[in-house]
Structures are given as structure tokens and as C-alpha cells.
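Here is a short briefing on a ligand shell, a sheet and a helix pair. Please have a look at the structure first.

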Amino acid sequence: MWTVLILILSAAYLFYKWYTQKYDYFETRGIPYIKAKFPLGNLPNAILFMRNFLYDFDDIYQQFRGKESLVGYFETRSPQFLILSPDIAKKILTTHFASFHDNEFSNLFTVEMEPVMARNPFILKGQEWKEKRAEITPAFTSSRLRACFPLIEEVLIKFTKYIRDEFEKDNNKIFDVRNICHRFTVDAVSSCIFNADAQSFASEKPEIAEMGRKLVEFHGIIQFIQFMLISMFPNIRKYFKMPMVDKVAENFFINLMQQAVELRETNPIPREDFMSFLIELKKKKSISEIEMAAHGVTFFTDGTETSSLAIAHILYELADNKKAQGKLRKEINDKIIDENGKIIFDKMLDSEYLNQVFYESLRLHEPIGIYNRQCNEETVLDCGNGKRYKVEKGMSVNIPIHSIHRDPDYYLNPNEFIPERFDPENGGPKAFEDRGVLLPFGDGPRICLGRRFAVIQVKAAVVEIIRNFEMSVNEKTQRPLIIDTSTFLNAKKGGLWLNIQPIV
Ligand code: HEM
């Protein structure tokens, strides 16, 4: 009996020693840090699914902001860095890129097990990332983006018709803008990439949207546990034989791409769009069907959720700020719409107030709130005042853009929606981007690949809705807004419910 007890206690003690062996990592190196709490480290609420991880990061940020440029913290037992200074963050994303070119997501997927998802540039590493990014970048030329616009316009008509029809059926109807904006982006991206009609406004369970969701959601508890374990111990990925993505959804997109290519090859259209780019690529580099599908899925997964959240938050902020809504409507009617009621593409992109509204909403509700980089080559970060801190190979650095965007040192009344802060007199959004305090699309060589497409589809949707409808916030919206607990993207708990009434 005593022997068993002693054995158990010894094993527990050894496990504790092993588990906590790195808890003095920062102390011994003279790096500012927050003490680890056994066993969960410094992000306990996120790990226990009690609140979104951005709030745990923000607690650390608030404790050290203005005092340190970076701080060490612990994710369970692993020491990591949180970057507080926008200047150092910018350096990591740009000038120090050669030492920080990958992110932690790359540990989750392998080309053997997730052949489509693992080929997304967001997930790829090193040389492979460089090659794939270079391969797909020309898909976003100005002429291709312009060629997509008529397809987006067709979806805009369906979008407004859907809201009008719903309103006619029930004058008291309220809309969760997250839901309807997601329908819009799924239709717009499917049309631009797969030349397919996703039927998002015609059906309550549109297949393409459902399959897209399946591709990025966890499918079952075992897969979730696998995800947590791989996040904590990346080296064990090779021992798990269960794919991280839903195979039915993956095959669905491979087939969809095959059909789209066949259709275009048998019925060529003289249009310089994404599909023509992919078909040229297939001929030039003889890339496989899976690689083609991977490019399509990259656009789909990275382009639908992020953009729909961006549109939904802009509509929410405008519904909550009637003055801004009126000001934007005037700009749209005076400058962006021609005499035939059509959107003037270049005016939409150049209009000042629309641009200010766009960036102010992305500042407050950036779809991706934290940027992760893994150090691939030991680097010393010079934090000024003689403070130089070494980041060792394999360590993670995290840039809490959500907290930087709301820091009162960079923004007066940071929690308020004030598009005028990005007035050209203050240098416009560019001045804030240059200082590293406004980075909703990231920065450096890994900056959002679809940024220009996103700007077009988000602005087009906002223009169309604001010119056709008057909006206010419905009390069903839970306020203050809280970021959903279990999402990686900045989606709000309970949805964003608006009253939307046709103007004419
Ligand atoms: C408002 C909408 C969008 C926002 C706010 C956004 C934001 C971002 C951010 C912040 C990153 C970089 C993350 C990091 O540095 O770790 C990123 C990467 C990426 N985005 Fe977007 N994105 C949007 C829309 C899109 C669209 C429409 C597409 C495609 C059509 C797209 C494709 C990508 C890809 C492929 C990457 C990975 C780039 C790389 O690692 O080389 N995004 N996005």
C-alpha cells in the first residue's frame, strides 16, 4: 500500500517537474514576463472555453502596455512571446521576415492527410509557401478584379431582392447581418472562382456554403482533442492518422473545381477572370486537379468568412451611428452611383468617406485578431534603451492586433466608431498603417493575398445595402458586443440583429 502511494507521489512529482521545467525560461534570461499558472499557463479562460482567447491576450497586453515592448507568457507549459510595440511587430512581419516566415497552423496539416487544405498559402511553410504564393499572386491583377465585378453585381441584385422579399413577407422581420452577409460572400466568391451559382439566397441550407463550413469546422470531439494535443505538442502530428478536415467536404470542392474547369474548357468565354487564370496555370505548369482545387478552396475559405464578418460589422456600426449612415448614403448617391443606378467601380474604390468607414470598422472588429509567427532562425530583437531580447528557433511570437487597434495611446476614444479619424488631413488610413497601429490585413510578405478582392466585395455590398435600406440596431443584439468563445475569427456572440427597411 505504502509502496504504491510512494510510487504515485513520485510519478506525480516527476510529471510536475517535467511539465514546469520551462517556467523559469524568461526569468533566467532577463526577459520581462508574466508568471505561469500551473497547469494552463496564462491563457486559462481560452483553454477552458470560458471566453475568446483574444480577451486573455488583452489582459496580458493591458498589464504591460506602455511599459514593455514585448513580454514572455506561457501557453500551458510552452514559453511564447507577446509583442506589445507596433514598431517591433512591424519589424517581425517585414524586415525580420526571413526569421519569422511561418505560423503555427502549418503544424496542423499535412499534404498527405489534408491535400487541399494543406496547400493553402496561409498554412504552407518556407519554400513551399513562397512558390505557391508566387504562383497564385497574378490571379489578383487589376484587370482580373475588374472582370469579376459584373459577377459581384449580379449577386448584389439577389442580395437586395432577398431582403426586400423577406421584408414584404413580414414588415417586422429582423435580420442577423452575419447570416445574410455570409450568403452574399458565398455567392460572390463561388461565382468569381468556381463560376457556380451557390444559391445562398434561394435555399436555407445551400450546399456550397454548408460544405465550406464543414471544411473549417471541427467534426467531432476526437478531432477537437487531436487539435488541442497537436497545438500543445506539434511533434506528435505524425502519430495521428485522422485528417483534420472533413473528407466529404474536401472531395466536394475537388469535384466542383473539376466541373468548373470542364465547363469553361468546353464553353470558353473570352473573360480574363480567376478561372481563365487557373486554366492557363494548368496548361503552363501542368498542375494537378488537387492543386487546382486547392487554389479554389483557398479563395473560398479565406475569402468568404473574413469578408462577410467585415461587411456585417460595417452594417452594424452604421446602424448604430445614424449620422455616419446618412453621411455615407449621401456620398454614395452623390458620387458612387451613376444616372442609371449602377455602381461606378473606380468611384467606389476612391470614395473617401466609404474608405474611412471601411477602415474604422476593421479597426474595431478586425476579422483576425492575432498574428502568429514561428521563429525559424534565432533572432535578437532590439527593443531600444539597451534592451535586446533573443528569440530562439521554434518559439512563437504573437502580435495582438486586436489590442493594438484599441489602444488609447494610438486612438482617441478607441472604443468609439469615428470614421473621421482616418480623414485625409490626418494622413488617412495609410498613416496609421505605416506606424503599425492599423493592420487588419497583416503586413509584409504574408500580407493578405486577397486584400484587393476583399476591398471590392465588401465595399460593393455596403454601397448596395446603404443606398437601398435604412438600418437600426435591434434589441436582440447582445450588447456590449462579445466575441464568440470558440471562434478563431472575430464573430460576435448571439449575432448582429438589425432592423432593415427599404428606403423606396
Ligand atoms: C476583409 C476581409 C479580409 C481580411 C480582414 C483578411 C485578413 C487577412 C490577414 C490579417 C492575413 C494575414 C494573417 C497573418 O499575417 O498571419 C490574411 C492572409 C491571407 N488572406 Fe486574407 N483577409 C480578408 C479577405 C481575404 C480574401 C477575400 C481572400 C481571398 C480571395 C484572402 C486570402 C488570404 C490568403 C490566401 C492569406 C494567406 C497569405 C499568406 O500567408 O501568404 N483574404 N488575410
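Helices (H or I, at least four residues) and strands (E, at least two) are DSSP runs, numbered from the N terminus. With that in hand, α13 (289-320) and α19 (451-468) each supply at least two residues of the shell around the ligand. Keep in mind that this is a predicted model, where local features need pLDDT of at least 70, side-chain atom pairs count only at pLDDT 80 or more, and totals for chains, interfaces and linings use all residues. Residues are numbered from 1 along each chain as its sequence is written.

**Ligand shell**
- The ligand is surrounded by 24 residues (C-beta atom, placed from the backbone, within 6 Å), and the closest are Asp302, Gly303, Gly442, Cys448 and Gly450.
- α13 gives the largest share of this shell, seven residues.
- By type, the shell has 14 nonpolar, seven polar and three charged residues (Ala, Val, Leu, Ile, Met, Phe, Trp, Tyr, Cys and Pro count as nonpolar, Asp, Glu, Lys and Arg as charged, and the others, Gly among them, as polar).

**Three-stranded sheet**
- The order in this open sheet is β3-β9-β8, with antiparallel pairing (two strands pair if DSSP finds at least two bridges between them).
- β3 (174-176) and β8 (469-473) are at the edges with a single partner strand each, so one side of each has no neighbour in the sheet.
- β8 and β9 (residues 497-502) run antiparallel and are joined by five bridges; serine 472 has asparagine 499 of β9 as its bridge partner.
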